[in-house]
There are 2 protein chains.
Amino acid sequence: MEALAEYFKVFSEPNRLAVLETLRGGSLNVTAVVDKTGLSQALVSKHLKLLTIAGVVKRRPEGSLVFYEVSDKTVFKLIGQAEKLLLATRRQQLDALAAIL
Amino acid sequence: MEALAEYFKVFSEPNRLAVLETLRGGSLNVTAVVDKTGLSQALVSKHLKLLTIAGVVKRRPEGSLVFYEVSDKTVFKLIGQAEKLLLATRRQQLDALAAIL
DNA sequence: TCACAGCATAACGGCATCGTGATACTGACG
DNA sequence: CGTCAGTATCACGATGCCGTTATGCTGTGA
């Protein structure tokens, strides 16, 4: 469906994935994410907004800072599963190649 | 990382997802996929090529027909998990909304 | 109240990718 | 050999998204 494709699209961007990875350990404020990723502040803000709209991340203002945290840690399982599948796929491709040569 | 994001990108397209869904039951030739999805032949060919390059699908010519099949059915688990997470996320968003109202 | 740090947003150029229509390739079959 | 169904590819216009630069907004603290 439409919605599912859009959900996958959330994870289809390297920098966005990097931002998300940053939040694996817990909540961070924007500047901390900027420092950890090395991305520009504007870009991090943009990706965090997207992640928030997608519901992957939750926004929590605290004083003059704004903290973000993953709303459902299960996403990391999804990411892990995708990594696993990706590896298996690569292996299969190599095997198929070896069968020809 | 780079590769993982690209892998997710494979599933970030409604029509491509529809093509893939078509192959859940087994292998089909291009025309069959075209009929099942209602998409144009050129478009189906394009998506099938992408899926093949990504390793999600395998190509098997048979006479004048070309059959495609999912190379690792685990992908459907990934899709299922994403669907589940998507639903859970939507629920959380509604709960958060209800908590405010 | 002013200045500054932290964060968000606007505007813009650039690039990738989507879908279409037309065309090329390739087996099967008469 | 010629034709046709099945499949792949090309060229193209259109759309969307990425990243940057510059600017706006909001709290905090002096």
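Student: What does contact mean here, and which residues beyond its sequence neighbours does V56(B) touch?
Tutor: Contact means heavy atoms within 4.5 Å. This is a predicted model, in which local features need pLDDT of at least 70, side-chain atom pairs count only at pLDDT 80 or more, and totals for chains, interfaces and linings use all residues. Residues are numbered from 1 along each chain as its sequence is written, and side-chain values use heavy atoms, with hydrogens and water left out. Leaving aside neighbours within four places in sequence, V56(B) is in contact with Y7(B), V10(B), F11(B), L20(B), L51(B), E69(B), V70(B), S71(B), D72(B) and V75(B).

Student: How many residues surround DNA strand C, and which are the closest?
Tutor: A residue is near a strand if one of its heavy atoms lies within 4 Å of it. There are 24 residues around DNA strand C, and the closest are T31(A), S45(A), R59(A), Y68(A) and N15(B).

Student: Which element supplies the largest share of the surface near DNA strand C?
Tutor: Helices (H or I, at least four residues) and strands (E, at least two) are DSSP runs, numbered from the N terminus. Elements that each supply at least two residues include helix 3 (30–37) of chain A and helix 2 (14–22) of chain B. The largest share, five residues, comes from helix 4 of chain A.

Student: What share of the atoms of DNA strand C within 4 Å of the protein belongs to sugar or phosphate?
Tutor: On the phosphate side, an oxygen of DNA strand C is 2.7 Å from an N or O atom in the side chain of R16(B), and one is 3.1 Å from such an atom of K49(A). Bases make up the rest of those atoms, and the sugar or phosphate share is 69%.

How values were computed: Chains are lettered from A and ligands numbered from 1 in the order in which they are written. A polar contact is a pair of N or O atoms within 3.5 Å; within protein, one must be able to donate a hydrogen and the other to accept it, and residues adjacent in sequence count only if both atoms are side-chain atoms.
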